[in-house]
Amino acid sequence: MAFELKNVVPWGRNLEEYTRIFKLTDSDYKSRIISFGDGPASFNFEMTKLDRKVVSLDPIYQFTRDELKQRIAETKDTILEQTKTNHNNFVWTNIKSIQDLEHIRMDAMNNFIDDFELGKTKERYIYHELPNSTKFSDLSFDLGLSSHFLILYSQLGLDFHIKSISEMLRICKEIRIFPILNLNAVKSEVLEGIIDYFKSDYQISIDLVDYEFQKRGNQMLKIKRK
Ligand SMILES: C[S@@+](CC[C@H](N)C(=O)[O-])C[C@H]1O[C@@H](n2cnc3c(N)ncnc32)[C@H](O)[C@@H]1O
């Protein structure tokens, strides 16, 4: 099925959130990082400002800056409204209110929008759709990330996940995926299947992290070469 702008609901996090989501350390910051399904997050923009190298991949990078900006403007009120309706499904300690959420998300997405065209020319933002293979050679990156895409969208199925993660592990020494819940905030249906598939060849752990917005969504899956 074609990936159409009208089906895109852009929502992006920032570096401080990625740092807590993935327990990023100083040595992680200095490593070669690639982030899958990175969307309109400001992680790449903020890391670039700190002189760190990040490559972001996402199907939305096929669209122009103006198309994405327009789509963010069209969809953000609906997402905020839905979050308000489901207020009790979230933990309001770091993000304190709906207004706070709006500021944090809009700051991140505006920074992404301002950085997008330049970043595309520098190949920091690359159009790519999982589970397709990437253009990178084996072990081009130290760390591969997936925030709020793989495992969360469990309806994509186990086969999609195994193909996607296999490609990530081909080009990365280690990958980290957050959260390990599905969109209904319960343990993702694909989690056990992923662990079973990769456990004989890779070191796998589930780490507690210092980030919980979706209730009980405070664990990250780490898969590493043995
Ligand atoms: C909820 S957003 C998360 C964005 C960002 N990672 C963050 O946490 O702020 C999910 C992202 O997955 C992307 N996505 C959807 N289908 C994809 C696919 N087949 N391969 C890679 N990314 C995909 C979407 O375009 C979107 O940007």
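# Close-up views of a predicted protein–ligand model

**View 1. The whole chain, from end to end.** Reading along the sequence, the protein chain runs α-α-β-α-β-α-α-β-β-α-β-α-β-β, a total of seven helices and seven strands. Helices (H or I, at least four residues) and strands (E, at least two) are DSSP runs numbered from the N terminus. This is a predicted model, in which local features need pLDDT of at least 70 and side-chain atom pairs count only at pLDDT 80 or more, while totals for chains, interfaces and linings use all residues. Residues are numbered from 1 along each chain as its sequence is written, and side-chain values use heavy atoms, with hydrogens and water left out. The C-alpha atoms fill a box of roughly 45 × 40 × 40 Å along the principal axes. The radius of gyration of the protein chain is 17 Å, in agreement with the value near 17 Å for a compact globule of 226 residues; it is taken over C-alpha atoms, and the globule rule is 2.2 Å times the number of residues to the power 0.38. Of these 226 residues, 52% count as buried, meaning under 20% relative accessible area (1.4 Å probe, protein chains only).

View 2. Look for a ligand nitrogen 2.9 Å from an N or O atom in the side chain of Tyr18, and for a ligand nitrogen 2.8 Å from a polar backbone atom of Gly37. On the oxygen side, a ligand oxygen is 2.7 Å from an N or O atom in the side chain of Asp58. Taken alone the ligand exposes 600 Å², and the protein buries 89% of that; these areas come from the Shrake-Rupley method with a 1.4 Å probe.

**View 3. Phe43 and the largest nonpolar core.** Phe22 and Phe43 touch the most other members of this 38-residue core. A nonpolar core is a set of buried Ala, Val, Leu, Ile, Met, Phe, Trp, Tyr and Cys residues joined through side-chain atoms within 4.5 Å. Helices H1 (15-21), H3 (43-49), H4 (65-85) and H5 (98-121), along with strand S4, each supply at least two residues, and H5 gives the most, with seven. Beyond its neighbours within four places in sequence, Phe43 has contacts (heavy atoms within 4.5 Å) that include Tyr18, Leu24, Ile33, Val54 and Leu145.

**View 4. Thr134 in its loop.** Thr134 is in the loop between strands S3 (125-127) and S4 (141-147). At 12% relative accessibility, this threonine counts as buried. Its side chain makes a polar contact of 2.7 Å with the side chain of Glu167. Not counting residues up to four places away in sequence, Thr134 also touches Phe36, Leu57, His128, Arg170 and Ile171.

**View 5. Helix H7 and Ile180.** The buried residues of H7 (residues 191-198) are Leu191, Gly193, Ile194, Ile195 and Phe198, and they pack against helix H6 (158-171) and strands S6 (202-208) and S7 (219-225). Ile180 is found in the loop between strand S5 (172-178) and H7, and counts as buried at 7% relative accessibility. Leaving aside neighbours within four places in sequence, the contacts of Ile180 include Leu191, Ile206 and Leu221.

Notes:
Buried < 20%, exposed > 50% of the residue type's maximum accessible area, 1.4 Å probe, protein only. Polar contact = N/O pair within 3.5 Å; in protein donor to acceptor, adjacent residues only side chain to side chain.
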